[in-house]
Amino acid sequence: MGIIFQRPSSMFPVHTHYCAGCGHGIVNRLLAEVIDELEIREQVIGTAPVGCAVFLYNYLNCDMFEVAHGRGPAVMTGFKRVHPDLVAFTYQGDGDLASIGMAEVIHAAARGENITVIFINNAVFGMTGGQMAPTTLPGQKTTTTPQGRTCKIYGHPIRVCELLSTLEGAAYIVRSAVNKPQNVIKTKKAIKKAFEVQMKGLGFSMVEVLSQCPTGWRMSPIESTRFVEEEMIPYYPLGEFKQPKV
Amino acid sequence: MGELKEKTLLTGNEAIAEAAIKAGCRYFFGYPITPQNKIPEYFSKRLPEVGGVYLQAESEVAAINMVFGAAGAGARVMTSSSSPGISLMQEGLSYIAAAELPCVIVNIMRGGPGLGGIQPAQSDYFQATKGGGHGDYHLLVLAPSSVQEAADLTMHAFDLADKYRNPVMILGDGYIGQMMEPMIFREKKDKVSIDKSWALTGAKGRLRNLIRTCYLDPKELEQHNLNIHNKYKAMKKTEQLAETLETDADIIIVAFGTVARISKTAIKILQSKGLKVGLIRPITLFPFPSSEISTMANDDKRFIVIEMNMGQMVEDVIIGAGGKSEVHFYGRTGGVVPTCEEIVRVVQKIAKMES
Amino acid sequence: MSEDFYEDVLMAGYSGQGLMFIGKLLAYSAMTEGRNVTWIPSYGVEMRGGSANCTVVMSSRSIGSPVVAHPSTAILMNQYSLEKFGSCVKVGGFLFLNSSLITQKGKRGKIVTIEVPATEIAIELGNKQVANMSMLGAYIAHLKVVSKQSVIKALRLILETEKRNLFKINKKALEMGCEHIESNIKKQGAF
C-alpha cells in the first residue's frame, strides 16, 4: 500500500500547538502542501502574526518574519519591493488583519502589492482568551460581549472580502472555509490560485478562511464546525469576490 | 577658492537624502509631515533614477514596518519624519532593535508635545536616547549642527547601522533641515563589506532564516537582551563623538545641533568682552560622550546646558559631571530658538554668580 | 578674504514673486566669492497664506543662527511684507521697497529707505516676474555685498539646466536694478 497522505516536506517534523478542532492546523498544512506543489519553498517568505499562529514559523520551513500585530502587509510591502522575484505571504487572524491592521491591508491591496494574504477569520480574538473581534457576529457571545454582540453599542461586523474587492489593486479575493472536507479542498485550491496570481505578477491576492475556534467559542469541535456552517457562512458567504484580469 | 568651486548649495533635508543615496540606500518609505517633506520629495525624484524604490506609506506606522521588511530583506533603507510621526514609529523601532535589523531614521524635530508647532525644537532628546519604544534597547543617535555634518553623519549612520545591526537615528531640527549651506559630498574611501547572511532572501542552499523578537522563555529573552546590550557597550567604547572648544575655560556650554552653532557665535562675542567660555558639542547623543564631561568636571568648572526643550540632555550632563561641577540649564521651547544675544546674557549672568 | 565681513538680509513678498530664487542666487554668488552663507525660507503659518520670505546670511566667519530677528537689510516686494517686516530692520539698517506695489510707505527713523520701481521695470522688459531681479540688482549695487559678475555667473549656472531662455531677461532686470541705484546716486549724492 502506497502513501496517500503525509506531512508536507515544507513543514518541520514537530507537533503543532493548536487546539483540537482549530482551523489553523488545517490551513498551516494546506499552505505547506501548496508550497510543496508549487516548489517554492526556497523562494517563499512569510510573516507570522500576533495571534494563535504566532509560532507559524516553528511549523513552516522557509524564511519567515515574526511581525508586530497587524503590520504584516506593510512589512511584506517593504520586503517585496526589495525582492520582487520572491513569493511573499502574510498569515493573519481577524484581530491582526481587521482590527489593528485594517489600514495596512487596505493600502497594500490598494497599491496592488504582489503579495498573498492568508486571513484566518474565526470571529474572535483567540490567543487572548476569546474577546470580541471586528468579525464577531451580531448576537455572538464572547468574553467582552457576554450578552451577545449588540450592534447598536459595538458596531457591525466587517466583511473584509467584500470591502477589499472594491479596490482596483486587488486582483484575487476569495472566501473559503475548513469546516468540512469539501471546503478544505476548496480552500487549498484557493490558496494555490492566490499564489499563482502573485507569481504571475497580477496584483494583490487574499484568501479569507472561516475557521473553527472551539476554545474561543466555548464549544466542542463538532459544534464549532456547525457554527461555521449555520452561523458564519450565511453572514460571510463563500466564493470568489474578485478574479484576476488575465 | 578652488575647494569652494566644488561645493554645492543644498538644504539639510536634500543633503541627507542625497548622502543616503551615495551610501547605497535604495529604499525609502515615508509619510509627509512638516518640516521634512523635502526628504521624501527628493527621494521620490532620485530613487527611480538610481534603480531604487520610493514609496509613500499610508502612515508612519506603515512606513516603519516597511522599513522593517526591507531591512530584513538585507537592503539599506531609510525613513524620515518629524516628532509626532516619530512617536507613531516607536513600536516599529522597538521591533527593529529587537530583531537586530539595520536602518536609518531621520527625525527633523519640531515643537511638541501633541501636534505642537512646526518650528525647530530639541524636545525629542529623551525619546531618541532613552528608548521611546518599549523594552531595553537604544537607537544610536547622531545630531548634526550643519548641512555638511548632516550629510557626513548620514553616510556614517548607514555604516554604523550595518556594523551593529541596530537602528540609527539622525536627530535634526527644522533649521538644519530647511536651511541651505555650502557643502560637499565626501567620497567614501573604503567600502566595508558587511555580512548579511542573516537576511531573508529565500532559503536556497542554506537553512531557513528567521527574523523574530518573541522569546517566551524568560532566560532566553534575558540572554537576548544581554546580547543586544553588549552591542551598546561596544558602541560606548568606540563610537562616542563630540566637538570640544576651549575646554580649559571655567565655563563650558554644553549644547547640540542648532543651539550649538548659535552658541559658537555667542562664545566669540563673550570672548571679545573678555569672558573665556568653552563648548562641548555632543555629536553622538547615544552613546552620550559622558567621558568628556566627567574628565573635565571639577570644582572650578561650570557647565551651562542650553537646549530647545524643558531640560533633557541636562540630565545626562548632571550624571556625567558626577556631582563634581555645577550644572546650569537654559532652555527655550515650543519652537522658540534662542538668539545669540540671549545666550551671551545668560552666560554673563551665570558667570557672575557665586559658587 | 582677510577682512571681517558680515551681512544679513531678509527678503519678503507674496508667494510667486521669486523671493526664494533671488535669495538662493545671492547665497550662491556669495559662496563662489568664498563666503560662508546660509539661506533659509520661512515655513511659518504665513507661508500657507500666500506670503513668502527668506533670510540670507553672508559672513567671513562661520555662521551661528541662519535666522535673524533684526536683519541689517530687508528687501520687501509688497505692502503686506512692509507691514509685517518693516519695523524689524535694525537701527542703521536698510529697507529696499518695491515702490511699484508699495504705496503706503510709512515712516521709519534711523533706517535708510530705498525705493525701486521694480515691477514697472519688469513690465517695461516684458515680464513682471523679473521684478525680483531688479530688487536684487539695486541691493547689490547699493551695498556691494557681492559683485554683479558673481550674480550673473550664478544666474547662468542656475538657469542653465531648465530655463536658458530666461537668462537674458533676468540679467537685464538685474542690470536695470543696478542702474537705478547708480543713476540715483549720481543725481542725489548719497541717499
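Begin by selecting Pro35(B), which sits in the loop between strand E2 (27-30) and H3 of chain B. Helices (H or I, at least four residues) and strands (E, at least two) are DSSP runs, numbered from the N terminus. The model on display is predicted: local features need pLDDT of at least 70, side-chain atom pairs count only at pLDDT 80 or more, and totals for chains, interfaces and linings use all residues. Residues are numbered from 1 along each chain as its sequence is written, while chains are lettered from A and ligands numbered from 1 in the order in which they are written.

**Two cis peptide bonds in chain B**

Display the backbone around Pro35(B). The peptide bond that leads from Thr34(B) to Pro35(B) is cis, and its omega is near 5 degrees. Most peptide bonds are trans. Next, select Phe286(B) and Pro287(B), where the peptide bond is again cis, with omega near -5 degrees. Pro287(B) belongs to the loop between strand E13 (284-286) and helix H12 (290-296) of chain B.

**A helix pair in chain B**

Return to H3 and colour helix H2 (residues 12-22) and helix H3 (residues 38-49) of chain B. Their axes lie 8 Å apart and the packing angle is about 40 degrees. Axes are lines fitted to C-alpha atoms, for helices over the stretch in contact, and angles run from 0 to 180 degrees between N-to-C directions. H2(B) is therefore oblique to H3(B); angles under 35 degrees count as roughly parallel, over 145 as roughly antiparallel, 65 to 115 as roughly perpendicular and the rest as oblique.

Which residues of H2(B) and H3(B) make the contact? From H2(B) come Asn13(B), Glu14(B), Ile16(B), Ala17(B) and Ile21(B), and from H3(B) come Lys38(B), Ile39(B), Tyr42(B), Phe43(B) and Arg46(B). Two residues are in contact if their C-beta atoms, placed from the backbone, lie within 7 Å. The contact of H2(B) with H3(B) has 6 nonpolar, 1 polar and 3 charged residues. In this classification, Ala, Val, Leu, Ile, Met, Phe, Trp, Tyr, Cys and Pro count as nonpolar, Asp, Glu, Lys and Arg as charged, and the others, Gly among them, as polar.

**The domains of chain B**

Colour chain B by domain: domain 1 covers 2-238 and domain 2 covers 242-352, bounds that come from an automatic or database domain assignment. Taken over C-alpha atoms, the centres of domain 1 and domain 2 of chain B are separated by 27 Å. In the contact, 27 residues of domain 1 of chain B meet 23 residues of domain 2 of chain B. On the domain 1 side, helix H7 (125-129), strand E6 (140-142), strand E7 (167-173), helix H9 (174-178) and helix H10 (218-238) of chain B each supply at least two residues. H7(B) gives the most to that side, with 4 residues. By class, the side of domain 1 of chain B that touches domain 2 of chain B has 14 nonpolar, 10 polar and 3 charged residues.

**Where chain A meets chain B**

Now show chain A beside chain B. Here 27 residues of chain A are in contact with 32 residues of chain B. Strand E2 (63-66), helix H2 (72-82) and helix H4 (102-110) of chain A give two or more residues to the side of chain A that touches chain B. The largest share of that side, 8 residues, comes from H2(A).

Select H2(A) together with helix H4 (residues 60-72) of chain B: their axes are 6 Å apart, at an angle of about 45 degrees. H2(A) and H4(B) are therefore oblique to each other. The residues making this contact include Phe79(A) and Arg81(A) of H2(A), and Met66(B) and Phe68(B) of H4(B). The residues of the contact of H2(A) with H4(B) divide into 10 nonpolar, 5 polar and 1 charged.

**Where chain C meets chain B**

Move to chain C. Its contact with chain B takes 18 residues from chain C and 20 residues from chain B. Helix H1 (19-32) and strand E2 (36-41) of chain C each supply at least two residues of the chain C side.

**Two residues with positive phi**

Most residues other than glycine have a negative phi. Select Arg218(A), whose phi is positive, about 55 degrees, although it is not a glycine. Arg218(A) lies in the loop between helix H8 (214-217) and helix H9 (221-235) of chain A. Finish at Lys110(C), not a glycine either, with a positive phi of about 60 degrees. Lys110(C) is found in the loop between strand E5 (94-98) and strand E6 (112-116) of chain C.
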